[in-house]
Amino acid sequence: LAALALVRPPRALDALDAAALMAGASGLLACAGAVDADTAARGALLTIGGVAVFIEARAADGPRGALADGIALVIVAAAVVVLAEALGIAAPIGSRGSAPGGLIGQRNNAAHVCALGAPLLFDRALRSNGARSRGARRALGMAGVAILVAAVLVTRSRSGWLAIGIGTSCAACQALTDRAQRRGLVVALVAVAIGALVLLVPPGLRWSSARPYRETARHLIDTASGSGHGRLLQARTTLTLLREAPVLGVGPGHWAVHYPRIAAPADPTVAWASFQPTGRLLTNDLLALLVERGVVGALPFLAFAVLLLVRRSRDERWALPFAATLGVLMVFDCVVQTAVGLAVVSTLAALAAPRFAAERPRSARIAVLVAALLLTASLVGAWRAADRLAAQRAMVRAHSFAALAEVARAHPAALAPRLT
């Protein structure tokens with residue numbers, strides 16, 4: 001991105017870009033209350049990266065349809081690999097227990113990406129009338145919708161199921177209000193039905209349940225048992241952190257650091273005997289944003305979201321179904337806390353935003369300075385990441401608390417040995 005800033009003509013930033021930049025900068029303020037600087041910097045810089053992707057994608061030259069088709073093809077390609085894993089055609093790529101994650105590596109994250117791309121592909125399938133040039137996009141939309149629906153279903157991600165169901169329903173209801181898209185609605189719904197036929201195919205993976213898809217559907221909105229109960233319990237307990245640090249939060253990425261401290265001894269979501277008692281991320285993006293970054297960090301994100309909805313491009317009718325899909329995912333899982341999810345969200349949000357109104361010349365010295373600062377920060381981050389990797393390898397060889405203490409002293413920037 002820094003290199004692109006040197007060769008692309010600079011453009012004037014409007015209120016939407018200013019809100020995005022403030023949202024990224026607020027993450028740096030939230031680092032003030034963090035226990036571990038590296039963990040906080042990782043979360044804050046991930047947000048800044050998402051902001052950079054949003055601004056750069058929004059400033060892309062040429063027709064937006066080409067960029068939209070490109071991201072759609074990428075998402076469909078990822079979904080094809082997920083299907084191949086789930087049906088036993090290809091060996092799982094990710095770690096054990098994370099299949100079918102395909103190229104994304106984890107099945108929940110893969111379901112998020114596929115669900116986020118579904119409104120865009122559904123819109124392509126809706127455009128059944130028009131010139132011959134739209135025929136390819138229509139065919140891509142029809143095939144893409146079927147593939148994405150099938151990929152989300154085989155992941156057994158409950159948040160993915162809910163998100164793609166609500167997003168598709170929103171798109172269908174929106175199409176009913178447009179006479180020009182009613183004919184295409186039948187085609188799009190047929191594509192959804194074709195994708196759902198994957199539930200009739202025997203799964204190629206070994207699940208703990210004899211009927212895995214029926215089991216997922218049965219517990220789709222179950223909050224009384226299983227992971228649904230655990231997530232609800234985590235959300236209630238996590239509110240304690242908001243009372244402790246309401247202004248700046250506990251620090252980006254620091255939910256996992258503090259949650260074992262406030263969790264009840266009988267909390268089933270905490271593995272007390274494990275090196276990592278909880279998951280790295282809270283499975284609720286909205287609550288994680290409020291708890292880790294406080295009111296100061298949450299307000300800029302809220303302003304950006306409202307401004308984007310108000311100023312969205314009216315030509316992109318898929319923007320509202322996309323917003324509904326993203327809202328469901330952010331409530332029930334963690335999508336913008338991961339790099340791949342945030343990259344997809346930032347790109348699609350840029351496509352839904354209005355174009356820049358004007359260009360404004362800017363000094364090349366500023367661009368060179370920004371590029372130099374980003375390169376320096378990247379090198380420092382790479383060095384710290386290598387140090388953390390060395391600490392993890394040393395922890396594997398440590399068979400006593402004394403050895404772990406020595407690892408913590410030798411690698412003071414690594415959080416894992418100190419937590420252990």
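Reader: Which residues of α2 are buried?

Author: Buried means under 20% relative accessible area, exposed means over 50%, and partly exposed lies in between, using a 1.4 Å probe and protein chains only. The buried residues of α2 are Leu-16, Asp-17, Ala-19, Ala-20, Ala-23, Gly-24, Ser-26, Gly-27 and Ala-30. This is a predicted model, where local features need pLDDT of at least 70, side-chain atom pairs count only at pLDDT 80 or more, and totals for chains, interfaces and linings use all residues. Residues are numbered from 1 along each chain as its sequence is written, and side-chain values use heavy atoms, with hydrogens and water left out.

Reader: What do the buried residues of α2 pack against?

Author: Contact means heavy atoms within 4.5 Å. The buried residues of α2 pack against α3 (37-58) and α12.

Reader: How many residues does helix α2 have, and what length is expected?

Author: Helices (H or I, at least four residues) and strands (E, at least two) are DSSP runs, numbered from the N terminus. The expected span of a helix is 1.5 Å times one less than its number of residues. Helix α2 (residues 15-30) has 16 residues, and its first and last C-alpha are 23 Å apart, close to the expected 22 Å.

Reader: How far apart are the end C-alpha atoms of helix α13?

Author: They are 20 Å apart in α13 (residues 319-332), which agrees with the 20 Å that its 14 residues should span. The buried residues of α13 include Phe-322, Val-328 and Leu-329. Its buried residues pack against α5, α7, α12 (285-310) and α14 (339-352).

Reader: Is Ser-159 buried or exposed?

Author: Ser-159 belongs to helix α7 and is buried, with a relative accessible area of 4%. Leaving aside neighbours within four places in sequence, Ser-159 is in contact with His-112, Val-328, Leu-329, Phe-332 and Asp-333.

Reader: Which peptide bond is cis, and where is Pro-100?

Author: Most residues other than glycine have a negative phi, and most peptide bonds are trans. Here the bond from Ala-99 to Pro-100 is cis, with omega near 0°. Pro-100 sits in the loop between α4 (64-86) and α5 (107-126).

Reader: What is the phi of Arg-156?

Author: Phi of Arg-156 is near 60°, a positive value in a residue other than glycine. Arg-156 lies in the loop between α6 (135-155) and α7 (158-176). Arg-156 counts as buried, at 14% relative accessibility.

Reader: Which residues form a nonpolar patch on the surface?

Author: Patches are made of residues with over 30% relative accessible area and no salt bridge; like charges are joined within 9 Å, and nonpolar side chains (Val, Leu, Ile, Met, Phe, Trp, Tyr) within 5 Å. A salt bridge is a side-chain nitrogen of Lys or Arg within 4 Å of a carboxyl oxygen of Asp or Glu. Accessible areas come from the Shrake-Rupley method with a 1.4 Å probe; for residues, only the protein chains shown count as cover. Val-186, Val-190, Ile-194, Leu-197 and Leu-200 form the patch, with about 500 Å² of accessible area together. Val-190 is in helix α8 (residues 182-196) and is partly exposed, at 43% relative accessible area.

Reader: How many disulfides are there?

Author: A disulfide is a pair of cysteine sulfur atoms within 2.5 Å. The count comes to zero. Cys-170 is in no disulfide; the nearest cysteine sulfur, that of Cys-173, is 7.0 Å away.

Reader: How many helices and strands does the protein chain have?

Author: The protein chain has 17 helices and zero strands. Of its 420 residues, 46% count as buried.
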